[in-house]
Amino acid sequence: MSAVEARLAELGLTLPDVVPPLAAYQPAVRSGAYVYTAGQLPMVKGAIPVTGKVGAEVSAEQAKELAAVCALNGLAAVKSVVGDLDKIVRVVKVVGFVASAPDFTGQPGVLNGTSELLGEIFGEKGVHARSAVGVAVLPLDAPVEVEFLVEVRD
């Protein structure tokens, strides 16, 4: 077990299987020292546990929890490319999309679900740049979608 997966276990978490692509793309791609993930939905065992717009059908707290699920799915995608999460040098950038009710402006708080979990797992290596964007709708009516960029070593 890698040190990263041991840390996940300490947090009571396990790395899920890679979520299969919903269309014509790969879950993650490596280019040089970087791995780029595709947008990760909060899929749990093949389904999104809660759907709808944040600030309407979905609470900000529920969406924050789903953003953490997206982070775990993203780490699974990274592992599928590099084989070992201990090869991650640092998390460089996180981009998150929040399907938002028209008056919802708490996108940064929702994306803290991803950012805080990456910080708990990686410590200083998990500190990253981030964008949090409100959108009208996401695939499968997901409340949140997250992608990230990590630097890796051989």
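**Why is it called that? Lysine 45 and beyond**

Tutor: Let's start with lysine 45, which sits in the loop between strand E2 (34-37) and H2. Helices (H or I, at least four residues) and strands (E, at least two) are DSSP runs, numbered from the N terminus. Keep in mind that this is a predicted model, where local features need pLDDT of at least 70 and side-chain atom pairs count only at pLDDT 80 or more, while totals for chains, interfaces and linings use all residues. Residues are numbered from 1 along each chain as its sequence is written, and side-chain values use heavy atoms, leaving out hydrogens and water.

Student: Why is lysine 45 called exposed?

Tutor: Check its number against the cut-offs: buried is under 20% relative accessible area, exposed is over 50%, and partly exposed is in between (1.4 Å probe, protein chains only). Lysine 45 has 86% relative accessibility, so it counts as exposed.

Student: What makes the phi of lysine 45 worth a comment?

Tutor: Most residues other than glycine have a negative phi. Lysine 45 isn't a glycine, yet its phi is positive, about 55°. Leucine 140 belongs to the loop between strand E4 (129-135) and strand E5 (144-152).

Student: What makes Leu22, Tyr25 and Leu140 a nonpolar surface patch?

Tutor: Patch members must have over 30% relative accessible area and no salt bridge; like charges are joined within 9 Å, and nonpolar side chains (Val, Leu, Ile, Met, Phe, Trp, Tyr) within 5 Å. Take tyrosine 25, in the loop between helix H1 (3-10) and strand E1 (28-31). Tyrosine 25 has a relative accessible area of 34%, so it is partly exposed. The patch formed by Leu22, Tyr25 and Leu140 covers about 280 Å², with accessible areas taken from the Shrake-Rupley method with a 1.4 Å probe, and for residues only the protein chains shown count as cover.

Student: What makes glutamate 5 and lysine 79 a salt bridge?

Tutor: The rule asks for a side-chain nitrogen of Lys or Arg within 4 Å of a carboxyl oxygen of Asp or Glu. Glutamate 5 and lysine 79 come in at 2.9 Å, N to O, and form a salt bridge. Glutamate 5 is in helix H1 and lysine 79 in helix H2, so this pair ties together parts that are 74 residues apart in sequence. Lysine 79 counts as partly exposed because its relative accessibility is 28%.

Student: How many salt bridges does a search of the whole structure find?

Tutor: Five. Another one of them joins the side chains of arginine 30 and aspartate 154, at 2.8 Å, N to O. Arginine 30 lies in strand E1 and aspartate 154 in the segment after E5, so parts 124 residues apart in sequence are tied together. At 30% relative accessibility arginine 30 is partly exposed, whereas aspartate 154, at 72%, is exposed.

Student: How do you know that aspartate 141 and lysine 53 meet in a salt bridge?

Tutor: Their N to O distance is 3.6 Å, and the pair counts as a salt bridge. The two partners are 88 residues apart: aspartate 141 in the loop between E4 and E5, lysine 53 in the loop between E2 and H2. Aspartate 141 has 31% relative accessibility, so call it partly exposed.
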